[in-house]
Amino acid sequence: MAEDDKNGVAIFNFSKFDETEDIFSSLANSQRLAILDIISKNKETLTSIAKELRITTQETHRNLNKLLNSNIIEKDLKGYFSLTVFGDMVIKNISAINFLSKHKKFFSQHNFHAIPIKYIQRIGALEKSEFVLGFVAVIEHIKRMYQKSRKYIYSILPQVPFDLIYTAIPIVKERELKFKHILPIDALIPKESEEFLKNLGYGQLLQKGIIERRMTTKTNLGIVLTENQALVMFPLTEGQVDMNSIFANDITTDNGLFHEWCLDYFYEIWNNAKTFDQYKLRKV
């Protein structure tokens with residue numbers, strides 16, 4: 001907050017950022033970030049760190065001192081370095097910057113504007129993901145997710161291509177998977193899917209509660225989930241969800257952080273969605 005001097009001129013109080021500046025200064029070095037990555041897994045000595053990074057002990061010593069002075073790491077009596085509690089929290093929050101930095105070109109063409117702030121604050125959960133580009137590649141990835149599913153399929157999609165309907169419904173019927181899906185009120189649905197769904201007994205699956213569906217005014221993210229995999233689609237700067245690119249993840253790669261982020265988002269939208277009205281869909 002700015003304060004006024006004796007002449008009434010606003011003076012900004014930069015001192016409130018002093019501690020934050022120190023932390024960013026400590027992190028603004030690839031060697032120090034690499035050191036933190038190493039000791040976040042195991043306690044290490046100066047020598048072992050230098051050997052793993054293939055840098056001199058002098059360079060390692062200098063970097064360790066910088067991190068020690070910022071209270072990000074600590075050294076025990078045996079000479080082993082580890083993260084402090086504070087340092088552990090810092091490391092866990094670096095994942096968000098890593099994710100955004102790695103995909104900065106992508107996010108110059110996509111936005112978060114309509115996504116609740118609590119999910120943006122947890123965006124680091126998406127760090128360990130695979131980026132898939134191209135509509136055909138995206139559809140094939142989703143189909144493989146369906147085929148591997150044994151418990152459930154949940155989705156939020158701006159439209160449902162016939163390929164996905166053709167793949168999903170027989171699997172849902174055969175395995176009696178829980179199938180929950182959310183569509184926007186103006187979603188595009190292939191006309192040929194009506195007869196296909198009728199022949200497969202789609203109405204009976206709805207009556208049994210195997211398939212559940214709801215509607216929302218607008219989809220701000222695309223989500224597809226099974227018990228083992230998840231993916232997310234972000235909106236373009238114009239607002240519409242981009243089905244030409246996804247970030248995807250297997251639940252075993254990151255202790256389920258990515259999957260949990262997507263599942264939490266899905267249920268928030270599901271719990272606030274409206275009753276499904278098929279007459280509002282646009283058939284093409």
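## Largest pocket

The lining of the largest pocket divides into six nonpolar, seven polar and nine charged residues. Here Ala, Val, Leu, Ile, Met, Phe, Trp, Tyr, Cys and Pro count as nonpolar, Asp, Glu, Lys and Arg as charged, and the others, Gly among them, as polar. The model is predicted, with pLDDT of at least 70 needed for local features and 80 or more for side-chain atom pairs, while totals for chains, interfaces and linings use all residues. Numbering runs from 1 along each chain as its sequence is written, and side-chain values use heavy atoms, without hydrogens or water.

This pocket holds about 880 Å³ of space. Of its 22 lining residues, I91, K92, S95, E127 and L257 are the closest to the centre. Two or more lining residues come from each of α2 (30–39), α5 (85–102) and α12 (257–272), and α5 gives the largest share, eight residues. Helices are DSSP runs of H or I with at least four residues, strands runs of E with at least two, numbered from the N terminus.

A pocket is an open set of points on a 1 Å grid over the protein atoms alone, where a 1.4 Å probe fits, with protein on both sides within 12 Å along at least five of seven lines; lining residues have an atom within 4 Å of a point. Points are joined across faces, edges and corners, and volume is the space filled by probe spheres set on them.

## Second largest pocket

The second largest pocket has about 500 Å³ of space. Among its 24 lining residues, I189, S193, L197, Y202 and R213 lie nearest the centre. The lining comprises 16 nonpolar, four polar and four charged residues.
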